[in-house]
Amino acid sequence: MYAFHYAYSMQKDVAMVKIGQFDLDSVFILEQGKFVTDSQYDTTYCDCLPIIEDKYDCGFDINIASITKGRSISFLGFFQSWRYWIDYEHKIRGLFTFRSEIRNSAERQFKGMLGHRGWSVERDIFVGMHIRRGDYANKFLIDFGQKTAPLGYIKNAMTLMKKIYKTVRYVVFSDDIGWCKQNIKTRRKEIFYVEDNTAAVDMAMMTLTNHSIITAGTFGWWAAFLTNGTTIYYKDLFTRNTRYAEQFPNQETRDFFPPLWIGLDR
């Protein structure tokens with residue numbers, strides 16, 4: 001949402017109005033840019049504006065691009081498509097700068113991992129793997145149409161990374177690290193499981209790796225985007241003809257995943 005609003009403000013020459021508590025401020029040192037935070041605005045301000053909702057939560061709505069320049073609008077939606085901000089791709093990566101305490105914690109743990117495994121940033125290639133499982137096993141989300149990446153996909157993605165790069169080391173992040181330890185196995189010196197972190201430190205640590213393997217969800221998506229290396233993703237995200245599938249234009253994921261990322265369905 002922040003990335004969308006930033007790009008929109010630049011494209012349409014308008015200010016972004018930030019009202020109330022902004023969760024990202026606790027994780028990132030965000031460039032204020034065209035944000036307006038003056039106390040003259042309250043929660044009723046945006047309520048008075050015309051509300052435009054994205055047509056697809058996981059796709060690009062061309063109608064938003066045609067909105068008149070300078071118009072005051074309140075947006076509703078997720079805007080999770082790279083196409084909204086692709087013209088500002090490098091700028092947006094720079095916007096998300098982790099706060100020092102989060103970055104320092106991630107760097108300490110990364111350095112400790114290197115010493116524990118005997119790895120080297122000069123010699124080894126690090127692949128951050130984000131495995132999302134916990135909430136995706138919820139019956140409501142399953143009925144909604146969301147799918148959990150199977151173990152076969154994860155193994156195939158790891159194999160593909162080893163074909164592309166030499167001396168690959170896998171750094172695993174997950175909301176179900178126990179499942180990962182039981183199922184994602186390789187030689188001990190090739191894999192490290194990250195445990196007991198906050199979500200913010202996990203993401204910061206993942207961005208210290210070189211490349212990414214992700215399963216599903218926007219947490220892994222953004223960790224991979226900020227890492228900015230080779231990304232392999234699970235492209236069979238949804239059960240067709242479900243409510244979740246309808247959030248993707250024509251039930252396709254090309255608006256959701258950047259074109260240079262590598263998609264595998266199994």
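In this predicted model, helix 9 passes helix 10 in a right-handed crossing, and the two helices pack at an angle of about 35°, with their axes 9 Å apart. On the side of helix 9, the residues that make this contact are Ala199, Asp202, Met203 and Met206, and they meet Phe219, Trp222, Ala223, Leu226 and Thr227 of helix 10. Sorted by class, the contact of helix 9 with helix 10 consists of seven nonpolar residues, one polar residue and one charged residue.

Helix 5 contributes Ile102, Ser105, Ala106, Gln109, Phe110 and Met113 to the contact, while helix 9 contributes Ala200, Val201, Ala204 and Met205. Of the residues in the contact of helix 5 with helix 9, eight are nonpolar and two are polar, and none is charged. An α-helix has 3.6 residues a turn, so residues three or four places apart point the same way. With that in mind, the reader can trace on helix 9 the residues Ala200, Val201, Ala204 and Met205, which meet helix 5, and then Ala199, Asp202, Met203 and Met206, which meet helix 10.

How much of helix 9 is covered? Seven of its eight residues are buried, and the helix is therefore described as mostly covered, buried meaning under 20% relative accessible area. The buried residues are Ala200, Val201, Asp202, Met203, Ala204, Met205 and Met206. They pack against helix 5 and helix 10, and also against strand 5, strand 6 and strand 8, and these strands lead on to the sheet.

The sheet is open and is formed by six strands in the order 7-6-5-8-9-10, with parallel pairing. Strand 7 (191–193) and strand 10 (262–264) stand at the edges, each with a single partner strand, so one side of each has no neighbour in the sheet. On average, neighbouring strands of this sheet are turned by 20° against each other, with direction ignored. Helix 10 (residues 218–227) packs on the sheet, where it touches strand 5, strand 8 and strand 9 (231–234), and its direction makes about 165° with that of strand 8.

Within the sheet, strand 5 (residues 125–131) is mostly covered, six of its seven residues being buried. Seven bridges join strand 5 to strand 6 (residues 168–174), the two running parallel, and in this pairing Phe126 has Arg169 of strand 6 as its bridge partner. Strand 5 is also joined to strand 8 (residues 211–214), again in parallel, by four bridges, with Met129 standing opposite Ile213 of strand 8.

Asp196 is exposed, with a relative accessible area of 80%. Asp13 likewise is not a glycine and has a positive phi, of about 55°; this residue is found in the loop between helix 1 (2–12) and strand 1 (16–17).

Ile51 lies in strand 3 (residues 51–53) and is exposed, with a relative accessible area of 56%. When residues up to four places away in sequence are not counted, Ile51 touches Ser74 and Leu76, and its C-alpha atom is separated by 5.6 Å from that of Phe75, a residue 24 residues apart from Ile51 along the chain. Glu89 lies in helix 4 (residues 89–95) and, at 22% relative accessibility, counts as partly exposed. Glu89 and Phe248 are 159 residues apart in sequence, and their C-alpha atoms are 21 Å apart in space.

Terms used:
Residues are numbered from 1 along each chain as its sequence is written. This is a predicted model: local features need pLDDT of at least 70, side-chain atom pairs count only at pLDDT 80 or more; totals for chains, interfaces and linings use all residues. Side-chain values use heavy atoms; hydrogens and water are left out. Contact means heavy atoms within 4.5 Å. Ala, Val, Leu, Ile, Met, Phe, Trp, Tyr, Cys and Pro count as nonpolar, Asp, Glu, Lys and Arg as charged, and the others, Gly among them, as polar. Buried means under 20% relative accessible area, exposed over 50%, partly exposed in between (1.4 Å probe, protein chains only). Two strands pair if DSSP finds at least two bridges between them. Axes are lines fitted to C-alpha atoms, for helices over the stretch in contact, and angles run from 0 to 180 degrees between N-to-C directions. A crossing is left-handed if the near helix is turned anticlockwise from the far one by less than a right angle, and right-handed if clockwise.
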